[in-house]
Amino acid sequence: MTTSYHQPGAPAYASPIPIRGAHLGDALTSEWTKIRSVRSTMWTLGVMILLMVGIGLGVAALISAAGDSAGMGEESALALGFFGLLPGSICVVTLGVLTITSEYGTGMIRTTLTACPSRGRVLAAKAVVFFVIVFVLTTVVATLVAVMQHAIVDAAEPKGGEWLRATVGVGLFVGALGLVSLGVGGMIRHSAGAITTMIGVILMPLVAAMFMFSENLADLQQFLLEYAIPSQLIGIYGEAASGGSSGPLGWTPVAIMAGLAVASLGGAFAVMSSRDV
């Protein structure tokens, strides 16, 4: 399809550039270009990799050197990946917030929505590109760390399900956690405010539970201890890793975080649709 321009007394002109409507593929390409061309992506994900590898292997080396491997009982060494994954997830949360709030801070969101007026399509493209990057990277690094930890620490042989949860499971969980932060960023539209909110969501339930000394708050304390994000993350590795907790274990934390991600993105879509840029 071409567009013709004609004024009285002037020769007709037909543009050689085809004119068509934008679709989701265009939005995905745009978001991929943006997220890979900003320095915040390199720094946040780079620090995440350093934390996962450095802390994970450091903990494994300390346990091996101290001769405490036998004390792990029937537990495999895969759960040691939690120690590097938890601080690494803070980096993912930061990037998830910046993926959307940085455009509001610079005013780039006006250009984005001018090129693609469908706000749902823009949000979906951001979510898909961000999740794929985080999921793939987290899964690859978690697999590398798990293999090296298993080689360093003399512990029980992991089963196939444990390997899957310690690699793909944690990748899905951290990716969904990043989507929650992206949704919160879309609702708050302020980088510092959204990052602070997400850090509070991750850490405050455990901190609050530590100071609930009243017996009347025992049930609430137990709920916070079992369903706090760090507790759910370690629950992915299994019952032994969580110390026999009655909270969500295995794939259940992944399903819970996926539900939270859907709710958060739904809130972001509602805010984007009801408010001007």
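A cavity here is a set of grid points where a 1.4 Å probe fits but cannot get out. Keep that in mind for the first stop, and remember that you are looking at a predicted model.

**Stop 1: the cavity**

How many cavities of 30 Å³ or more does a search of the whole structure find? The search turns up 1. The largest cavity has a volume of about 70 Å³.

**Stop 2: along α5 to F135**

Stay on helix α5, which covers residues 119–152, and pick out F135. Is F135 buried or partly exposed? Its relative accessible area is 22%, so F135 counts as partly exposed, given that buried means under 20%. Next, show what is around this side of the helix. Once neighbours within four places in sequence are set aside, F135 is in contact with V168, G171 and L172.

**Stop 3: T112 on α4**

Jump to helix α4, residues 108–115, and select T112. T112 has a relative accessibility of 9%, so it counts as buried. Which residues is T112 in contact with, leaving aside neighbours within four places in sequence? Show E31, K34, E103 and V122 alongside T112 and you have them.

**Stop 4: the cysteines**

Now select C91 and C116. With 11% relative accessibility, C91 counts as buried. C116 is buried too, because its relative accessible area is 9%. How many disulfides does the structure hold? The count is 0.

**Stop 5: A258 on α10**

Finish on helix α10, residues 252–274, with A258 selected. A258 has 37% relative accessibility, which means that it counts as partly exposed. Bring up L179 as well, 79 residues away from A258 along the chain. Draw the line between the two C-alpha atoms and the separation reads 8.7 Å.

Conventions:
Residues are numbered from 1 along each chain as its sequence is written. This is a predicted model: local features need pLDDT of at least 70, side-chain atom pairs count only at pLDDT 80 or more; totals for chains, interfaces and linings use all residues. Side-chain values use heavy atoms; hydrogens and water are left out. Helices (H or I, at least four residues) and strands (E, at least two) are DSSP runs, numbered from the N terminus. Buried means under 20% relative accessible area, exposed over 50%, partly exposed in between (1.4 Å probe, protein chains only). Contact means heavy atoms within 4.5 Å. A disulfide is a pair of cysteine sulfur atoms within 2.5 Å. On a 1 Å grid over the protein atoms alone, a cavity is a set of points where a 1.4 Å probe fits but cannot get out, and a pocket is an open set with protein on both sides within 12 Å along at least five of seven lines; lining residues have an atom within 4 Å of a point. Grid points are joined across faces, edges and corners, and a volume is the space filled by probe spheres set on the points.
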